[in-house]
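Visitor: Hi, I'd like a quick tour of this one. Can you put it up?

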Amino acid sequence: HALIVLFEFVSKDLKTIMENNKPSIFSRNLILKLSYELTSAMSYLHCNCFIHRDLKPQNILLTKEYDLKLCDFGLSREFEIPATSLTEEVITLWYRAPEIILGLPYDPQIDIWSLGCVLAEFHVGRPLFAAQNETDLLIKQIETLGMPPQYMIATAKKRKRDQWFEYDWQEEVWKLRPSYRQKLRKDRSLHRLLGIEKRMQR
């Protein structure tokens, strides 16, 4: 006996629509609608003890009526409380949370980070952290949101922590290594990227 599962056919994903139509296709009301539907989908997953682990525009389908469908559960896993050990090889680079980058244990909050990245992309029409590799990704995250919390750096995998950070014994804090501090841009604040500063000036 074979198990046959039928799904609704949806021809386009969010990434394709955004690339072909530019961000102007998303009105404020449509952004609010899609944000609500995506947040509701993630809430349903988490309430049923599953982590998606690969939330990105390519895995978000839109019907002709712009109803949102979440897809591709190939990396999804059931989670437990307390959290059990899960692989780090998850989430497409641009949507990867700091916990994954630093090799820390993680929980459904990594989906919330990816969700935030996607919601920002709704507004600006481009990825928030379009990085080339994990180092570039970490730099962009720090430029935009500031340093990760000290406890995260202190408990990160030693190999990764020592690659990017050093401990300042005088100030008793972890700091980004000088070679990486030099790469930080000062014009990548979240307010600036989302265009909030321009709207406030009006």
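Visitor: Which residues touch the most other members of the largest nonpolar core?
Guide: Leu14, Phe26, Leu38, Leu55, Ile60, Val118 and Phe165, out of 48 residues in that core. A nonpolar core is a set of buried Ala, Val, Leu, Ile, Met, Phe, Trp, Tyr and Cys residues joined through side-chain atoms within 4.5 Å. Buried means under 20% relative accessible area, exposed over 50%, partly exposed in between (1.4 Å probe, protein chains only).
Guide: This is a predicted model: local features need pLDDT of at least 70, side-chain atom pairs need 80 or more, and totals for chains, interfaces and linings use all residues. Residues count from 1 along each chain as its sequence is written, and side-chain values use heavy atoms, without hydrogens or water.

Visitor: What is Ile60 in contact with, leaving aside neighbours within four places in sequence?
Guide: Asp13, Leu14, Leu38, Leu55, Leu68, Lys69, Leu70, Cys71 and Val118. Contact means heavy atoms within 4.5 Å.

Visitor: New topic. How many aromatic pairs are there?
Guide: Four. Rings of Phe, Tyr and Trp (its six-membered ring) pair if their centres lie within 6.5 Å; planes under 30 degrees apart are stacked, over 60 edge-to-face, the rest tilted.
Guide: One of them joins Tyr167 and Trp169, edge-to-face, at 4.7 Å centre to centre and 75° between planes.

Visitor: And why is the pair of Tyr167 and Trp174 edge-to-face?
Guide: Because their planes sit at 65°, with centres 5.1 Å apart. Ring pairs link Tyr167, Trp169 and Trp174 into a cluster.

Visitor: Is Trp174 buried or exposed?
Guide: Buried, at 16% relative accessibility. Trp169 is exposed, at 71%. Tyr167 is partly exposed, at 27%.
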